Amino acid sequence: MLNIDSIKKGIVIDHIKAGCGYKIFKELKLHKADYTVALIKNVPSKQLGKKDLIKIENEIDLDFKVLGIIDPNITINIIKNEEIIDKINVKLPKKVKGTLKCKNPRCVTTVENIEDVEFTLVNRETKEYKCEYCDTNTSI
Amino acid sequence: MLKGRHLIEPKDFSLEELDEIFTLAEEIIENPRDYLEVCKGKLLGSLFYEPSTRTRFSFEAAMLRLGGQVVGFSEAGSSSVSKGESISDTIKTVGCYTDIAVMRHPKEGAPKLASKNSDIPVINAGDGGHQHPTQTLTDLLTIKALKKDLSNHTIGLCGDLMFGRTVHSLVKAMSRYENIKFVFISPPELKIPDYIKNELKDNNYYETSDIEAAIEDLDILYMTRVQRERFLNEEEYLRLKNSYILNNEKLKNAKEDMIIMHPLPRVNEIHTEVDNDKRAVYFKQARYGMFVRMALIMKLLGVDKNA
Ligand SMILES: [Zn+2]
């Protein structure tokens with residue numbers, strides 16, 4: 001297995017569904033990071049068969065809520081002195097701003113440039129969110 | 001307090017606030033002369049990004065009858081909008097010149113977007129297939145004025161119940177009042193969607209495809225048209241269009257004081273022979289539409305006859 005040094009201080013995003021790692025990497029804008037970051041793909045996993053993993057060697061303030069939208073099963077480990085000091089379980093947030101796109105072609109958000117369109121969770125099971133402008137449900 | 005507010009969808013206003021508007025509308029109907037100048041010096045911006053002559057006339061007539069004036073455009077092609085100006089820039093500019101704006105737009109949510117960027121009240125005059133709150137206000141005032149109360153009625157809704165925006169809004173709005181029963185009359189292909197029914201109690205409605213069997217139960221019969229653009233093929237459209245035409249024969253067993261409503265324009269779903277029946281109120285309904293818009297404009301501007 002590919003060896004990546006463990007980190008002293010930072011964040012490990014674990015149990016990412018294989019293939020979703022890059023999406024999260026981009027969503028957190030890690031491709032623009034000037035500190036050490038690693039995206040590791042297709043790591044063998046007991047739970048998932050294969051998983052992706054992201055390691056961030058920095059204390060940064062990330063909006064973890066948006067990760068729930070991409071993959072609600074991931075876990076986030078906060079590391080200090082090479083030890084996990086905190087585990088965050090993400091879940092689908094009740095409201096999201098600026099991450100989702102409305103799938104209704106008749107919606108005003110498809111033609112106007114609107115930042116921060118707000119979506120409200122209407123169904124946790126089907127992962128459906130309602131657009132604040134046209135009330136149409138969009139599933140993720 | 002309604003002054004300075006927007007009307008984007010019917011539930012923006014509480015039942016008490018709606019009642020305030022209806023009470024004022026009924027006062028205007030009683031004494032229209034008292035209101036000839038209440039909006040003197042006020043300007044309505046009429047922003048119609050798609051043509052809707054009926055709705056635009058109703059708003060413009062309402063403002064002019066209050067002594068106010070109107071500026072605006074009646075289709076996007078003739079305005080700066082066609083040069084690609086954003087809705088938010090347009091409303092900010094319009095807000096510099098006018099006191100209140102009314103917006104019709106083909107895109108769903110456009111008036112809401114305008115309201116978020118506006119310093120003046122914005123009224124949604126229809127956004128695609130989404131909301132048309134002043135039609136709902138019109139329907140409610142008609143019922144209140146002609147049936148004396150918004151509670152304790154059995155309302156039959158007939159025609160295209162699947163796509164009919166007007167019907168969906170009316171059902172939602174009426175279900176906020178006490179002891180309302182709905183009868184959904186439609187061909188099986190055009191039944192009312194589940195998400196509307198899910199918000200009603202089971203014993204508050206029934207569905208049928210037989211208008212003649214249902215008609216004797218009704219205090220109010222709300223007819224709608226079946227729109228051509230909803231159908232993929234012409235045959236299907238023609239078959240369904242003709243399936244629920246109201247005529248004198250079908251009205252035989254209806255109550256004496258039932259009222260027949262229709263948002264207009266009609267195609268052929270109400271035979272013209274019904275127009276002479278005293279129960280036919282659809283032209284009156286259009287008039288109530290103007291009065292309710294007069295009351296709405298006054299409330300949002302915060303003007304009254306004693307000011
Ligand atoms: Zn939308």
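This is a predicted model: local features need pLDDT of at least 70, side-chain atom pairs count only at pLDDT 80 or more; totals for chains, interfaces and linings use all residues.
How many helices and how many strands make up the secondary structure of chain A?

View 1. Residues are numbered from 1 along each chain as its sequence is written, and chains are lettered from A and ligands numbered from 1 in the order in which they are written. Chain A has two helices and nine strands, where helices (H or I, at least four residues) and strands (E, at least two) are DSSP runs numbered from the N terminus. Read from the N terminus, the order of these elements is β-α-β-β-α-β-β-β-β-β-β. The C-alpha trace of chain A spans about 50 × 30 × 25 Å along its principal axes, and 42% of the 140 residues of chain A count as buried, a term that stands for under 20% relative accessible area, with exposed meaning over 50% and partly exposed in between (1.4 Å probe, protein chains only). For the complex, the predictor gives an ipTM of 0.88 and a pTM of 0.85.

**View 2. The zinc ion and its four cysteine donors in chain A.** The SG atoms of Cys102(A), Cys107(A), Cys131(A) and Cys134(A) coordinate the zinc ion at 2.3 to 2.4 Å; donors are N, O and S atoms within 2.8 Å of the metal (3.2 Å for Na, K and Ca), and because water is not among the atoms, sites may look incomplete. The arrangement is tetrahedral because the four donor atoms subtend angles of 98 to 114 degrees around the zinc ion, and four donors count as tetrahedral if all angles lie between 85 and 135 degrees. Along the chain, the donors follow the spacing C-x4-C-x23-C-x2-C. Distant parts of the chain are linked by the pair Cys102(A), in the loop between strand S6 (95–97) and strand S7 (118–123), and Cys131(A), in strand S8 (residues 128–131), the two being 29 residues apart. Cys102(A) and Cys131(A) are both buried.

**View 3. Two loop residues with positive phi.** Lys29(A), in the loop between helix H1 (21–27) and strand S2 (36–45) of chain A, has a phi near 60 degrees, a positive value in a residue other than glycine. Lys29(A) counts as exposed, because its relative accessibility is 53%. In chain B, Asn179(B) lies in the loop between helix H6 (165–174) and strand S6 (180–185), and its phi, near 50 degrees, is likewise a positive value in a residue other than glycine. With a relative accessibility of 48%, Asn179(B) counts as partly exposed.

View 4. Helix H2 (residues 53–65) and helix H10 (residues 282–301) of chain B pack at an angle of about 60 degrees, with their axes 8 Å apart. The angle makes H2(B) oblique to H10(B); angles under 35 degrees count as roughly parallel, over 145 as roughly antiparallel, 65 to 115 as roughly perpendicular and the rest as oblique. Elsewhere in chain B, Leu264(B) and Pro265(B) are joined by a cis peptide bond with omega about 0 degrees, and Pro265(B) is in the loop between strand S9 (259–261) and H10.

Key:
Side-chain values use heavy atoms; hydrogens and water are left out. Four donors count as tetrahedral if all angles lie between 85 and 135 degrees; four count as square planar and six as octahedral if opposite donors are over 155 degrees apart and all others between 65 and 115; anything else is irregular. Axes are lines fitted to C-alpha atoms, for helices over the stretch in contact, and angles run from 0 to 180 degrees between N-to-C directions.
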